[in-house]
Amino acid sequence: MIDNNIIQSLGAGSGIDTKNLTKQLTEIERAAPQNRIDSKRDKAESQISDFGLLSSALATLQDAAKVLTDPDGMFSKTASYTESTALVPTGLDTTVQPGSYNFTVEDIAASQSLTSLSFSDPTDAVGEGVLTFRFGNVAVDGAGAMLGTNGFTPDLDTEEVQITIDSENNSLEGLRDAINDADFGVQATIVNDGLNGYVLQITAESGVNNQLEISAAESGGTPTDNDNTGLSRFTFNETASQLTQLQAGADAHLTLNGLNIYRESNTIDDIVEGLSMDVLQAAPGDKVTITVSDDKAFAEQNIRAFVEAYNLFLDAVKPAMGITDQENDEGESVKVTGSLANDALAKSMMSQIRTTIASAVPGIGDASFSSLGAIGIRTELDGTMSIDEETFGKTMDKNFEDVQKLFAPANNTTDSQIFINSSNARTASGDYDVVVTTQPSKGSLAGGAIAAGFPNFDTSGKTHEFTVDVNGVSSGTLTLAPDVYASQDEMALALQSLINSDSTLAAANASVTVSYDADNNRFEFTSTKYGASSNVSITTASADLTADLGVSVATGTAGTTVAGTVNGVAAFGSGNVLLPSLGQPGEGLGLIIGENATSATVSFSRGFAGELEDLIDGFLGSKGLIATRETNLEASLEDLDDDQEALDRRMTAYEERLMNQFIAMERILNGLNTSGGFIENLIDTLPFTAKNN
């Protein structure tokens with residue numbers, strides 16, 4: 001008899017777990033490619049996370065550098081001052097020059113105050129018409145009325161303001177609101193004086209030239225304009241003063257180191273650049289000394305904070321870029337290498353930072369030192385920074401200005417006629433030799449000789465009209481107001497104000513300065529713009545204007561556009577600005593060139609902190625190195641997702657193929673089992689193989 005145990009064990013019902021066997025074989029087939037995908041995914045995800053850690057640490061370091069590039073970080077000032085009730089410093093900017101400033105307050109600024117006649121109720125009608133407000137210097141009599149002669153000298157730089165009162169706002173309240181809503185620096189208030197009723201109090205801004213002249217043009221067929229009825233009750237001029245001046249406008253009067261100074265306001269910020277102060281009361285002869293010095297302690301604090309921030313930065317990035325001790329699941333300490341430890345980009349960024357720290361700072365000109373090491377800030381073997389206290393202390397004490405140049409952005413020039421006005425991220429730090437081949441100029445026009453008699457030239461009864469073209473823009477018809485002009489300079493100021501107030505010229509930013517040339521007895525009109533497109537021409541002029549003031553139809557002389565070279569390469573000129581050629585190291589520099597400039601060497605430096613900040617910007621920007629790398633890593637994860645899907649499909653097909661093969665095998669084995677049974681029965685029936693009973 002044939003032994004069929006093997007056939008039976010492989011056949012149907014043999015007990016083989018075909019499904020589990022197929023699964024195990026599939027897992028074996030999947031293992032190698034799955035491990036490759038998982039390994040790449042883990043690495044990409046770890047690097048994305050570690051680049052995020054690196055970005056955060058770089059941003060913190062950049063913030064510490066920004067403190068040193070900000071003017072307050074290295075150029076802050078501190079001040080001490082004499083205790084006084086007359087003057088108090090309120091602000092100290094970085095631009096204040098160190099030194100002692102001796103002030104006295106001779107007088108304080110005051111605001112003109114005008115008061116109306118009494119009204120029984122705030123809703124009482126005031127009359128209809130137009131009130132015209134002009135600003136200037138006012139002289140009054142003992143009763144508070146404007147003098148009839150030389151009572152008002154207008155400020156020609158300030159435009160008049162008109163307030164209209166009609167049926168919609170014809171009341172004391174309506175007039176008050178109309179003045180306040182016009183928002184031209186004049187405040188109107190209704191006051192109940194407790195005796196006669198309600199009065200309108202009109203208060204101007206402080207200053208002797210901010211006082212008011214008010215005239216009325218009443219509505220109706222027979223306006224009175226100057227009497228004590230209707231809207232005329234609010235006039236205050238040389239013809240009629242229905243308002244009463246209770247307080248005159250005055251300028252603050254101070255002395256600085258003996259020099260007399262006048263200002264319109266008691267809040268002053270333009271006597272000493274960067275120094276703000278409040279004038280509180282007059283105290284003639286009472287000297288207030290303000291002593292300004294560099295705040296070295298604050299600058300030193302910021303430098304030390306940066307050194308600490310850099311060392312903290314190294315600690316922060318160590319898990320991503322170094323080898324650290326970490327605890328595994330079993331609680332054992334193991335060495336873990338950061339995912340960026342061998343990453344070329346991360347290593348390059350760290351190398352660039354170390355190079356910036358160790359290198360000389362370019363473009364700081366004649367400074368005593370140009371590197372951190374020179375002032376006592378060292379780099380240790382482990383990469384951290386430390387401070388040599390003795391060297392650092394001496395440097396801060398004796399060479400503080402050079403320390404400022406080392407850390408903070410600074411520009412220098414060998415000629416004040418040529419200086420740096422602007423730069424951008426593409427500008428390289430360094431020295432630039434500037435040669436001016438064509439000096440800039442403004443377009444101008446010189447008038448003819450003046451025939452009018454000064455002083456006190458009276459234009460009444462004459463027509464002084466003209467039109468002017470400034471930088472290719474034509475004005476409307478300009479009419480000089482009838483008035484008495486005390487001097488040629490006052491007339492020049494009136495002509496300048498008239499031209500510059502033209503709406504068409506103002507919209508095009510076209511303006512002029514008008515001056516009196518005493519040597520040639522003529523007015524000169526000069527555009528405020530530099531360049532070949534700059535010019536001033538008189539296009540029409542009245543006969544009186546030409547006869548009296550020498551201003552006739554004429555074309556002026558065009559200005560010139562600056563031309564020159566920077567480091568021997570031709571630069572682009574725009575007005576009085578010279579721009580280095582694109583692609584050159586100085587690209588982005590805006591150089592202001594004076595009218596008499598010839599050549600200079602200018603130095604541009606971002607300082608150490610600026611160089612580091614700019615470097616980190618290149619790492620952290622939206623299109624920077626880290627963002628680009630993270631985008632690539634995200635793309636690789638998407639590719640791995642595709643690989644995973646492809647592997648899953650392949651393994652599903654592989655598993656199905658195995659299963660089909662096992663099914664086929666089972667069928668074969670079933671056939672063998674059937675054949676084996678038949679043969680066994682056949683053998684049992686053959687004569688020579690039959691079983692013996």
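The points below concern a sheet, a helix, the salt bridges and a surface patch.

1. Basis of the note. This is a predicted model, in which local features need pLDDT of at least 70 and side-chain atom pairs count only at pLDDT 80 or more, while totals for chains, interfaces and linings use all residues. Residues are numbered from 1 along each chain as its sequence is written, and side-chain values use heavy atoms, with hydrogens and water left out.

2. Five strands in the order 21-39-23-34-35 form an open sheet with antiparallel pairing (strands are DSSP runs of E of at least two residues, helices runs of H or I of at least four, both numbered from the N terminus; two strands pair if DSSP finds at least two bridges between them). Strand 21 (410–413) and strand 35 (569–570) stand at the edges with a single partner strand each, so one side of each has no neighbour in the sheet. Strand 34 (residues 563–566) and strand 35 are joined by 2 bridges, and Thr565 has Ala570 of strand 35 as its bridge partner.

3. Strand 39. This strand (residues 599–605) is largely enclosed by the rest of the structure, because 5 of its 7 residues are buried (buried means under 20% relative accessible area, exposed over 50%, partly exposed in between, with a 1.4 Å probe and protein chains only). Strand 21 is joined to strand 39 by 4 bridges, and Asn412 is paired with Ser603. Strand 23 is joined to strand 39 by 6 bridges, with Gly430 opposite Phe604.

4. Thr427. This residue lies in the loop between strand 22 (418–422) and strand 23 (430–438). Thr427 counts as buried, at 2% relative accessibility. Leaving aside neighbours within four places in sequence, its contacts (heavy atoms within 4.5 Å) include Pro585, Leu589, Phe604 and Arg606.

5. Helix 7. Which residues of helix 7 (residues 389–398) are buried? They are Phe392, Thr395 and Met396. These residues lie on the same side of helix 7, because they cover an arc of only 95° around the axis (taken from the directions from the helix axis to the C-beta atoms). Glu390, Asp397 and Lys398 are exposed on the other side. The buried residues pack against helix 5 (296–321), strand 20 (385–387) and helix 8 (400–407).

6. Salt bridges. The structure holds 15 salt bridges (a side-chain nitrogen of Lys or Arg within 4 Å of a carboxyl oxygen of Asp or Glu). In one of them, Asp294 pairs with Lys77, the closest N and O atoms being 3.6 Å apart. This pair links distant parts of the chain, with Asp294 in strand 16 (residues 283–294) and Lys77 in strand 1 (residues 77–81), 217 residues apart. Asp294 is partly exposed at 24% relative accessibility, whereas Lys77 is buried at 13%.

7. A further pair. Lys462 and Asp548 form a salt bridge with closest N and O atoms 3.2 Å apart. The two residues are 86 residues apart, Lys462 being in the loop between strand 25 (457–458) and strand 26 (465–470) and Asp548 in helix 11 (residues 543–549). Lys462 is partly exposed, with a relative accessible area of 35%, and Asp548 is buried, with 10%. Elsewhere, salt bridges that share partners join Glu300, Arg304 and Glu389 into one network.

8. Surface patch. Leu21, Leu25 and Ile28 make a nonpolar surface patch of about 240 Å². Leu21 belongs to helix 2 (residues 18–69) and is partly exposed, with a relative accessible area of 30%.

Technical notes
Patch = residues over 30% accessible without salt bridge, like charges linked within 9 Å, V, L, I, M, F, W, Y side chains within 5 Å. Areas by Shrake-Rupley, 256 points an atom, 1.4 Å probe, with all protein chains shown as cover.
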